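Here are a few exercises to work through with the structure on your screen. Try each task yourself before you read its solution.

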Amino acid sequence: MRKPGPQKAIDWKDGKKHKYGRPPESPSQYQGHFTWEKYLKETCAVPAPAHCFKQSYTPPANEFKINMKLEAQDPRNTTSTCIATVVGLTGARLRLRLDGSDNKNDFWRLVDSAEIQPIGNCEKNGGMLQPPLGFRLNASSWPMFLLKTLNGAEMAPIRIFHKEPPSPSQNFFKTGMKLEAVDRKNPHFICPATIGEVRGSEVLITFDGWRGAFDYWCRYDSRDIFPVGWCSLTGDNLQPPGTKGKAASLPSTLHLRIQLGNHEHYQFYAVGLLLFALLVVIPACLVP
């Protein structure tokens, strides 16, 4: 799949120029050359203002390097602080792997997340580093494993960590606003999305060009959602709506449902007629 070309940063304060719009049904024409500026005009949509998000107005610099060590909350057991290794970088995000775990449990964090800290922070605050959930070795071997893991390792310096931005004072999102959001089923992707519904402190994230297969609810201050233009500022790769790469990961039955769209009920009607013919009409004709 080709990477989208360079994108023009959108002024997040220009949202008043547009009207709310609904996500497109089949935006495959954007494959490989998606730009927000053109997309917002064609869909008559408004980008969610920057003050809606728990994100820095200026995206933080990512100075981390592959194989650097840091402390991170275990996403499957948030009461535990573990040693993690940077195994991937994209934009302002880090792909992390907990030492003692495997690559099936990798996760992503922003460089200004409060859930990552320099080595030594846990001990400084009176805590103890814990083995990750599903530690592959015997629990009694953890102290020696920890010592071996940190010996000679490159520790991420304190200066490259950033303070987490504050949460918005309330949920300012409105249905129909556009944004960029992490695809939680494929978290290395950030995609164009729409606020599908607002319910108290929760918002429904719907991905443009898809029929609900990847939608999810999250809090308005989730770190997985970003203002329009975020990826162009961080250098991350924003996926175009309805990319073929994501379609390939869909189960075949689900992909068929998407292709059938509003004509799906005709398929069930045809199947019903066929069954009626096989079970009723044909046997009746065979009776002497």
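A residue is called buried when its relative accessible area is under 20%, exposed when it is over 50%, and partly exposed in between (1.4 Å probe, protein chains only). Helices (H or I, at least four residues) and strands (E, at least two) are DSSP runs, numbered from the N terminus. The model is predicted, so to speak of a local feature takes a pLDDT of at least 70, side-chain atom pairs count only at pLDDT 80 or more, and totals for chains, interfaces and linings use all residues. Residues are numbered from 1 along each chain as its sequence is written, and side-chain values use heavy atoms, with hydrogens and water left out.

**Exercise 1: helix α1**

Find out which residues of helix α1 (residues 36-43) are buried, and what they pack against.

Step 1. Go through the helix: Trp 36, Tyr 39, Leu 40 and Thr 43 are buried.

Step 2. Look down the axis of α1: these buried residues fall within an arc of 95° (taken from the directions from the helix axis to the C-beta atoms), so they line one face of the helix.

Step 3. Now see what sits against that face: the buried residues of α1 pack against β6 (178-182) and β7 (190-199), where contact means heavy atoms within 4.5 Å.

**Exercise 2: helix α3**

Sort residues of helix α3 (residues 142-150) into buried and exposed ones.

Step 1. The buried residues are Trp 142, Phe 145, Leu 146, Thr 149 and Leu 150. Down the axis of α3 they fall within an arc of 120°, so they line one face of the helix.

Step 2. Ask what covers the buried residues of α3: β1 (69-74) and β2 (77-90) are included.

**Exercise 3: a loop residue**

Where does Pro 166 lie, and is it buried or exposed?

Step 1. Pro 166 lies in the loop between α3 and β6.

Step 2. With a relative accessible area of 66%, Pro 166 is exposed.

Step 3. Compare chain and space: Pro 166 and Ser 56 are 110 residues apart along the chain, while 8.5 Å separates their C-alpha atoms.

**Exercise 4: the whole chain**

How many helices and strands does the chain have, and what percentage of its residues count as buried?

Step 1. Count the elements: there are seven helices and 10 strands.

Step 2. Of the 288 residues, 45% count as buried.

Step 3. Take contacts between residues at least 6 apart in sequence: 66% of them join residues at least 24 apart.
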